[in-house]
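The following exercises concern the arrangement of two chains and the packing within them. Please work through each task with the structure at hand before reading its solution.

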2 protein chains.
Amino acid sequence: MAGKKPSGVLTPVLTPFNSDYSVSRPRFLKHCRALIEQDVGLAVFGTNSEANSLSVAEKRHLLDVLADEGLPTDRMMPGTGCCAITDSVELTRHAVDLGCAGVLMLPPFYYKGVSDEGLYRNYASIIDAIGDDRLKIYLYHIPPVSQVGISLNLIERLLKDYPGAIAGIKDSSGDWNNTAAMLKEFQPAGFDVFAGSEVFLLRTLRHGGAGCITATGNVNAAAIARLAATWRDDDAGADEQQSALDGVRGIFQKYPMIPAMKSAIAWQAQDPAWAVLRPPLVELTADQTQALRQDLSAASFQIQNAQALAHADA
Amino acid sequence: MAGKKPSGVLTPVLTPFNSDYSVSRPRFLKHCRALIEQDVGLAVFGTNSEANSLSVAEKRHLLDVLADEGLPTDRMMPGTGCCAITDSVELTRHAVDLGCAGVLMLPPFYYKGVSDEGLYRNYASIIDAIGDDRLKIYLYHIPPVSQVGISLNLIERLLKDYPGAIAGIKDSSGDWNNTAAMLKEFQPAGFDVFAGSEVFLLRTLRHGGAGCITATGNVNAAAIARLAATWRDDDAGADEQQSALDGVRGIFQKYPMIPAMKSAIAWQAQDPAWAVLRPPLVELTADQTQALRQDLSAASFQIQNAQALAHADA
């Protein structure tokens, strides 16, 4: 995890499955390559990756596949936060050993109403167990799903005790005031704040933040990356770019996001297997699928990497 | 999983840790033996076992230890429901191979607001993957913690398609009306309903239910088991027994339950290491510890297996 810290746009990479729910490695590889070519980093094993529907062994194996196939590990920020410290340590250590730029770490999320002291001990135990200066942890704050959040007090305490290992945060609270507070309090000290959606990308960048880690990066990669690359340019039309991104996001947000993105890829890459989700998630209904296609057509929206994804061998 | 179906009282066995958060196998074994001697079955790896703070490998190993040391696997109902189907299959298959009486299976609990269809596919996929007639699944309904529940419609569909594998439920909703509905709808068909707390034990038994699977079984084992064994006897004073159980439960419920039970064992077994919890859970504060001891002393409450637990080698 040496070298330049990640910035700009990363996406929680969708995990393609075969009809028997096994991971489709060829589709996964093609998708990761297409994202990198569009300058979007690989936050594999995020919420939108159905990462918690994969075992630790499956995630270790997929990281190995990506590294073996030459995908750049310095553009990877795998999700490694599990309910069990022992799992988090195993997966995080593997990511560090492979040279990943960082790890995105959920708090343990089974028990609700846990204390900041308990969450502090979770992260501290993991950092101490790994004991590697290359470790860069990005905290993952997504209370709407995990129901367990990362408070400003917890960040402050972790940063004080582990300034080298605590590298930043993804804020998926959906609450701009929370992101703004993190940007004000911690970004100046080099704690990189990533918005959890591109709808906050321009605001985050203008407030000194690092970028965004966003689900829709799976389907609108190049356009989101372009805003992150050009927002300071006088002639870039940053606000207009942001509006266009919001429009696309708005379409996908009308549906359950993960199945909607998979459905769109399945359609535009002409590869029906892309629509498969692992339980407990389910694919869009036929009516939802039709409505999504109409919405995308009406907006003339085309997934820019769709051709690169087409006709993957399972 | 052949033979008589479990009934009566089981407890989600507390998992004792060393100060470095590794599992204390000697303490775990002593505690399991003491519970069996008091006629309480071993629902190891439940919520109160901090099971989701253990990796699948740790749980497999602990099951092996119990079996190797001669603990009766036909009195065991390990928790094997994980977020990832692949993990649930691995752990459940291991339990079946060891001859466990059944498994207690949480739904996948990371994603919230999932559909009954998605939960059905989760359970169906696991049952199909294991493909073993010995498999007996007890569904685990604990919405206050998991935030993902088991509906009556889901039970009905699973029972229809998998009448052999779907064996019963633990209802930890805390809602008697829900337990009563399950008892009415499904118990007559042999779907065994266990209350999730002994406060509902007598009511559950009087409505034809199988018993209870209760946290407090860790500290009040013999008394709870006695009610389950004697409730039909005219001279047993079942209602008075129930009231006494409720009184003890009420003490522990004043505090965070898991640390309170561990604190009580640490105190009465004179073994301070018993108070350790794995993050994100934390031990009682000094004030809470003192208050709990005063409450237990005022009630003249003594953990009946405390001496058997004393002075375990770590």
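**Exercise 1.** Determine by what turn and shift chain B can be laid on chain A.

The model is predicted: local features require pLDDT of at least 70 and side-chain atom pairs pLDDT 80 or more, whereas totals for chains, interfaces and linings use all residues. Residues are numbered from 1 along each chain as its sequence is written, and chains are lettered from A in the order in which they are written.

**Exercise 2.** Describe the side of chain B that touches chain A.

*Solution.* Begin with the count: 32 residues of chain B are in contact with 32 residues of chain A, contact meaning C-beta atoms, placed from the backbone, within 7 Å. H4(B) provides the largest share, six residues. By class, this side has 17 nonpolar, nine polar and six charged residues; Ala, Val, Leu, Ile, Met, Phe, Trp, Tyr, Cys and Pro count as nonpolar, Asp, Glu, Lys and Arg as charged, and the others, Gly among them, as polar. Finally, 100% of the interface residues of chain B are also interface residues in chain A, so the copies meet through the same surface.

**Exercise 3.** Is His141(A) buried or exposed?

*Solution.* First, locate the residue: His141(A) is found in strand S4 (residues 137-141) of chain A, a strand being a DSSP run of E with at least two residues. His141(A) counts as buried because 24 C-beta neighbours are inside 10 Å; the cut-off for buried is 20 or more other C-beta atoms within 10 Å, for exposed 12 or fewer, with partly exposed in between. Beyond four places in sequence, the contacts of His141(A) include Gly149(A), Ile150(A) and Ile169(A). The C-alpha atoms of His141(A) and Ile169(A) are 7.2 Å apart, although 28 residues separate the two in sequence.

Note on methods. Helices (H or I, at least four residues) and strands (E, at least two) are DSSP runs, numbered from the N terminus. Two residues are in contact if their C-beta atoms, placed from the backbone, lie within 7 Å. Copies are superposed by least squares on the C-alpha atoms of residues with pLDDT of at least 70 in both.
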